[in-house]
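Okay, thanks for coming, everyone. Let me put the structure up, and then I'll walk you through a few pieces of the geometry.

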2 protein chains.
Amino acid sequence: MTRAAGNGATLEEVAVAAGVSRATVSRVVNGLDRVSPTTRQSVLRAVDRLGYTPNRVARSLVTRRTDSVALVIPEPTTKLFGDPFFPRLVTGISEVLSAANKQLVLLAPQNKADEERLQRYLMTAQADGVLLVSLHGEDPLPGDLARRGIPVVVGGRPPAEGISYVDVDNVQGALSAVRHLISIGRRKVATISGALDMTVGADRLEGYRRGLREAGLELDPRLEASGAFEQEGGRRAMSELLDRAPDLDAVFAASDLMAAGALQSLRRAGRRVPEDVAVVGYEDSSIATSTEPPLSSVRQPTEEIGREMARLLLADVASGQRVARRVVLDTELIVRESSGG
Amino acid sequence: MTRAAGNGATLEEVAVAAGVSRATVSRVVNGLDRVSPTTRQSVLRAVDRLGYTPNRVARSLVTRRTDSVALVIPEPTTKLFGDPFFPRLVTGISEVLSAANKQLVLLAPQNKADEERLQRYLMTAQADGVLLVSLHGEDPLPGDLARRGIPVVVGGRPPAEGISYVDVDNVQGALSAVRHLISIGRRKVATISGALDMTVGADRLEGYRRGLREAGLELDPRLEASGAFEQEGGRRAMSELLDRAPDLDAVFAASDLMAAGALQSLRRAGRRVPEDVAVVGYEDSSIATSTEPPLSSVRQPTEEIGREMARLLLADVASGQRVARRVVLDTELIVRESSGG
DNA sequence: CGCGAGACTGGGAGCGCTCTTACGATGCTG
DNA sequence: CAGCATCGTAAGAGCGCTCCCAGTCTCGCG
């Protein structure tokens, strides 16, 4: 290996060049005061001349900070890049982190081996804190990290206790969608649920069921199908539903992407939307307005989720405290043509 | 700040607990031989008991490795997550990196401040190497990194010399598309180019022009419009082209996403595809087969670009050599209905 | 003019780890 | 059984940086 990976000077060398001590150079480089203008000048000149860049690894070793924050999204790349939820989330997160001058680092483990490597990476102070979204099942990662004393904030309600998170009221959101469908006279309301090993998925299904129950309608397993939060899944689920319950007159999909898939299946089956079947999606992403017809959808403040996650994490990092906090954001039903707008 | 960020034991402590020296623990932890089975056992027990995880920052300081690789994509989140190119690229990269047990870290600077922070991050050995795609204009980053002795591989031909890169033969690809359009009898062939501050964009435009020239057709500025590699851009560019040259009978779009946008505009304008206007896209992404009609497209081996980038980088990292190498991959025209299949 | 308070600056310890060197303890060869 | 190679281990020297703790220097005031 070539010497020092070509990395130029060290603090020491700058100090010698400027004729001062290491400590003084450190002060100048870190912008602390208590350095005379003259000294500062000559140090800066030396820094410049030698093309000095502080070695952040060495710095991190002593400060125990890296000034970077990890965002972990354990999803296959096609889903990660295919779901309109993530860009909006990342936008929110990166806004706040950028303002705080923290480097955002995105990690997307693709398999078991990746996950193990990731855990090692995160466990050992490679990031000041960790943001976690799209958790499946009983992922032990947030708990493990928290136990290590590493600040963690989860997007969506995590399965475990004692962990900070930002969530939207998914039960309420789904409930409002179902109430709306019932209010426009629909009685055979089906649902295309998301991945049920995720709390978002489970919560939205719960809201759907609660909506039927409070309207005095009976739950029918034939009216429930899962689409795993994917467009193709929505398409497939809709076909299944039509097979199992041809007389359904409404469907609540737990994401716009799945709703878009459902629209395709409905069209193929010759059903008119909303005349024959009313459709409501979830998230109110850009997809909702670009489908034919435009989708009614439960709007959630996706960017704000991201911002809030970042804020919570930064607060934890700064304070060194590990108090679990929850933030639950509200949703709003947006009615468009797909449910008779 | 709480002590040591809650991070448990150190090598030293494990050594004491196991009644051996630091060096021996280090050997066990790193799986080196030259340790007797007995000693190994007792060390492992101590590691386990104390919940020891090596501090990688400390390790990196001495080894000058981090076992992580950065992938930099300077695009706004909507584009990053909206273009089907990136998931495929990332899939390829992450395959190879994962096999080599390297952590992939994704960085997407959103503005000038982000870019400066990023540069500082990369300059200081936070990653063993850097993969760079979607470069715009004369981005100095690859050159700066290379000068520092940091391994860099660029996806697409970089503007500067002396830097390793993986590219597809964009000129040739575009040329084959145009030849095809001409071969099916089209004479008024327009193009929707990508961002021209990117070499991919410029190269594909070059291929288009070369195609016209070699067929003895004259270049006409009214037949060229830019769509910035975005769907909306494709839509807009197509409208412009129809305004400026209503008699055009074919269009070559420098990406499938733009071609999809173009199809929308054509439909809105009442033109039939391919009868009135033949369309060819570029990339042969999943979009190509899901449009109506399916798109002819220049197929490029996107995952393979990713794999090859990762391979080149790993070779550089391992060897410590900094020899600039170029890999240029071939394209293949796939003909579907949009150009008369 | 002496002295204390600041303002600057330097020295040194140490973050947690790797790696080279050195040194007993074995084991093997002739 | 001497002599030497080999193995297993320990000790120590850093990696480049921060930060505490003094030490020096300069003023201003009595």
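So, start with helix H1 (residues 11-18) and helix H3 (residues 37-50) of chain A: they pack at about 125°, axes 9 Å apart. Helices here are DSSP runs of H or I, at least four residues, numbered from the N terminus; axes are lines fitted to C-alpha atoms over the stretch in contact, with angles from 0 to 180 degrees between N-to-C directions.

Who's touching? H1(A) brings Glu13(A), Val14(A), Ala17(A) and Ala18(A), while H3(A) brings residues including Ser42(A), Val43(A) and Leu50(A). Contact means C-beta atoms, placed from the backbone, within 7 Å.

Quick caveat: this is a predicted model, with local features needing pLDDT of at least 70 and side-chain atom pairs 80 or more, while totals for chains, interfaces and linings use all residues. Residues count from 1 along each chain as written, and chains are lettered from A and ligands numbered from 1 in written order.

Now the two copies. Chain B goes onto chain A with an RMSD of 0.1 Å, by a 180° turn and a 0.1 Å shift along the axis, so they're related as by a two-fold rotation axis. That's least squares on C-alphas with pLDDT of at least 70 in both.

Note on methods. Helix = DSSP H or I, 4+ residues; strand = E, 2+ residues; numbered from the N terminus. Contact = placed C-beta atoms within 7 Å.
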